[in-house]
Amino acid sequence: METQSSPVNRFCDLVMKGGVASGVVYPLAIAELAKKYRFKNIGGTSVGAIAAAVTAAAEYRRRTDGDMTGFDRLAALSDELGQTAPSGGHKRRLLTLFQPHPSTRRLFAVLVHALNRETTLTRTAAIIWGFIRAYWPAVLASVLLSVLIWLGAGMLAALLFCLIAVVVSVAFWVYRDITEDVVGNDYGLCTGMGVDQDGQEALTPWLHGLIQDAAGRGSHDAPLTFGDLWNARGFPPDWYAQPTEGMDKSINLEMFTTNLSFGRPYILPFKEDKIQLLYKKGELEKYLPESVMTWIGKYSEPYRPHENNGPDLELLKLPDPENFPVLLAARMSMGFPLLFSAIPLWISNENYSTPRRCLFSDGGISSNFPIHLFDGLIPSWPTFGISLESRLPEDQAEVYLPQKYDEGYGERWNGFDQKKNSASRFGGFLLAIISTMQDWNDATLARMPGRARPCRQGAIGRGRRRLESQHGRKIDLSDLEARQEVSR
């Protein structure tokens, strides 16, 4: 693969939106941008946070070793995730990253069975059949009892009883699995840890290895931290003389997470001085590789309650932001609700007599496209915001780059009412309500004049399907160099 590096004094910022399919497409866009620019500020949410973490690691390796190996590794990621798993069949490597906890395998099997269904009818049928397959003992017991009723009361009564018995027994078992096993697993089907029967790692250990590899380190070496990024070589350039907030960091990586217990977002690494972040070793070690937990323990201190008579909860202080592992931040940002367990941490401040246990879940709950992360009054270089759409209108360009500083972003059109099937239109209406509740703030900010983003938003490609089918094609960035000179 071509290993072309950008000039040492040309920078850009990068923000990536959350979304499962985005994780397959982002690496190709990032690899192309890396040939023209060096990344200064990098942000993302959910899957976008994973891409941001690996991008920061690759940029760190370029600044440290002077090569593009990290970006080469990133560019190969799409093909890697699309490969068939060693066990054969139609199972892709991407799916192996999602490995359920032993106690939640039945519910996870139902979810997997409903994947990749094109219509509402087939999706509903797949879910029903998934429940029957996953909870077959309850179905079998209901059928056997129905046979006995058939012998005594007739076929109609037996069929009616069988239908009611199957629904009630499966529903009871599902209720038990959710209220006991999912809740006991910190409200998720998967912890993110584990290795399947083919030796394929789950999301967190796989991501740890990817970040370390992109940064030029081994899995058992010291984990990449925010301090490593901040102190990397190569910034500021000779021409830069604008000492503003955040510009003292050579590579500035930021991600969103959502504190469900407090009902608000947090930016990682944590910036609030008035709170103390704490953890219990027995809780956190379920979600991180052993080498990362060893690093965290090395830079942790025992927590002392404000009052001498306060309860001893055996809590430890999380490392300061400079020693905070990038992996932990990425995992806290990427925690799809119910699919992945929330990360339990404890928060202490002067308002509480004792620390409060908080659950941190997906950053996309509160800000799925944080295009505003690096806004400022005077831009020094472009900001590229990548937001993937399922399908763009025919009259909208594949890549949108504003020609003038005050040009806004074209509206994101959700054509749910244009679908042929009435059930799909109704489902799209409900999903549009949820999407609006979640993303209205991000959508509004994306349309505002670019306070520090003259090249603010690029919707790369004509939707997920075309990007997947043409993922090898090059993204033309030939005219961006001149625009950056103008923006500077």
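Tyrosine 187 is found in the loop between H9 and strand S3 (188-190), where helices (H or I, at least four residues) and strands (E, at least two) are DSSP runs numbered from the N terminus. Tyrosine 187 is not a glycine, yet its phi is positive, at about 65 degrees. With a relative accessible area of 41%, tyrosine 187 is partly exposed; buried means under 20% relative accessible area, exposed over 50%, and partly exposed in between (1.4 Å probe, protein chains only). The model is predicted, so to speak of local features needs pLDDT of at least 70 and side-chain atom pairs count only at pLDDT 80 or more, while totals for chains, interfaces and linings use all residues. Residues are numbered from 1 along each chain as its sequence is written, and side-chain values use heavy atoms, leaving out hydrogens and water.

**The protein as a whole**

- There are 17 helices and twelve strands in the protein.
- Of the 488 residues in the protein, 49% are buried.
- Contact means heavy atoms within 4.5 Å; among contacts between residues at least 6 apart in sequence, 74% join residues at least 24 apart.

**Backbone points to look at**

- Most residues other than glycine have a negative phi, and most peptide bonds are trans.
- Serine 46 is a residue other than glycine with a positive phi, near 60 degrees.
- You will find serine 46 in the loop between strand S2 (38-45) and H2, and at 1% relative accessibility serine 46 counts as buried.
- The peptide bond from leucine 268 to proline 269 is cis, with omega near 0 degrees.
- Proline 269 sits in the loop between strand S5 (264-268) and strand S6 (276-279).

**Helices that pack together**

- Two packed helices are described by the angle between their axes and the distance between the axes.
- Here the axes are lines fitted to C-alpha atoms, for helices over the stretch in contact, and angles run from 0 to 180 degrees between N-to-C directions.
- Angles under 35 degrees count as roughly parallel, over 145 as roughly antiparallel, 65 to 115 as roughly perpendicular and the rest as oblique.
- A crossing is left-handed if the near helix is turned anticlockwise from the far one by less than a right angle, and right-handed if clockwise.
- Helix H8 (residues 136-153) packs on helix H9 (residues 155-184) at an angle of about 160 degrees, with the axes 8 Å apart, and H8 is therefore roughly antiparallel to H9.
- H8 and H9 make a right-handed crossing, and the residues in contact include Pro137, Leu145 and Trp150 of H8 and Met155, Phe161 and Trp173 of H9.
- Helix H6 (residues 105-113) and helix H7 (residues 120-134) have axes that come within 8 Å and cross at roughly 150 degrees, which means that H6 is roughly antiparallel to H7.
- The crossing of H6 and H7 is right-handed, with Arg106, Val110 and His113 in H6 meeting residues of H7, including Trp129 and Phe131.
- H2 and helix H10 (residues 203-214) pack at an angle of about 25 degrees, with their axes 7 Å apart, so H2 is roughly parallel to H10.
- Ile50, Ala53, Val54, Ala57, Ala58 and Arg61 of H2 make this contact with Leu203, Leu207, Leu210, Ile211, Asp213 and Ala214 of H10.

**Alanine 58 in H2**

- Alanine 58 belongs to helix H2 (residues 47-65) and is buried, with a relative accessible area of 0%.
- Neighbours within four places in sequence aside, alanine 58 is in contact with Gly70, Phe71 and Ala214.

**Aromatic rings**

- Rings of Phe, Tyr and Trp (its six-membered ring) pair if their centres lie within 6.5 Å; planes under 30 degrees apart count as stacked, over 60 as edge-to-face and the rest as tilted.
- This rule gives 16 aromatic pairs.
- In one of them, the rings of phenylalanine 226 and phenylalanine 324 have centres 6.3 Å apart and planes at 50 degrees, so the pair is tilted.
- This pair links distant parts of the chain, 98 residues apart: phenylalanine 226 is in helix H11 (residues 226-230), and phenylalanine 324 is in the loop between strand S7 (316-317) and helix H14 (326-333).
- Phenylalanine 226 is buried at 0% relative accessible area, and phenylalanine 324 also counts as buried, at 3%.
- Phe226, Trp230, Tyr266, Phe270, Phe324 and Phe360 are linked into a cluster by ring pairs.
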